[in-house]
Amino acid sequence: MMSDGYRVLFQTLEPGSRRESSLPELEGKPAPWESSMQATCECLSWRGTLDNLERREAEDELGETIYLDFPVRARSAVVTAHALLDLGIIDEGELRSKMKAVRERFERE
């Protein structure tokens, strides 16, 4: 059973989203947010907050179980948030607030 604290992550899954099923859907150039997220993860690892190997192992495990319905390219962000919640680096309220701010910024653009 998943903690209520992780439910905020499932609010990022758009209704009607589906997991990619063919190779062409999985190929392609990373979106700018993906590159930024990877750089952030590198910094977190470099500073000893979130080890890259542990994060990648969590991506494999959680991406094929809890977050199976998420698009493959989105899983790394969701699993990273999950890991930061587990480590107590952020809490649900902080994550919810940041997600709200990002959504509002995208609505303005």
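Student: Tyr67 and Phe70: are they buried or exposed?

Tutor: Both Tyr67 and Phe70 are buried (under 20% relative accessible area, with exposed over 50% and partly exposed in between, using a 1.4 Å probe and protein chains only). Keep in mind that this is a predicted model, where local features need pLDDT of at least 70, side-chain atom pairs count only at pLDDT 80 or more, and totals for chains, interfaces and linings use all residues. Residues are numbered from 1 along each chain as its sequence is written, and side-chain values use heavy atoms, leaving out hydrogens and water.

Student: How many aromatic pairs does the structure hold?

Tutor: In general, you describe a pair of aromatic rings by the distance of the centres and the angle of the planes. Rings of Phe, Tyr and Trp (its six-membered ring) pair if their centres lie within 6.5 Å; planes under 30 degrees apart are stacked, over 60 edge-to-face, and the rest tilted. Here there is one aromatic pair. The ring centres of Tyr67 and Phe70 are 5.5 Å apart and the planes sit at 85°, so this pair is edge-to-face.

Student: What about Arg55, where does it lie?

Tutor: Arg55 lies in helix H4 (helices are DSSP runs of H or I, at least four residues, numbered from the N terminus). Arg55 has 1% relative accessibility, so it counts as buried.

Student: Which residues is Arg55 in contact with, leaving aside neighbours within four places in sequence?

Tutor: Contact means heavy atoms within 4.5 Å. On that basis, Arg55 touches Gln38, Cys41, Leu50, Val79 and Thr80, once those sequence neighbours are set aside.

Key: Helices (H or I, at least four residues) and strands (E, at least two) are DSSP runs, numbered from the N terminus.
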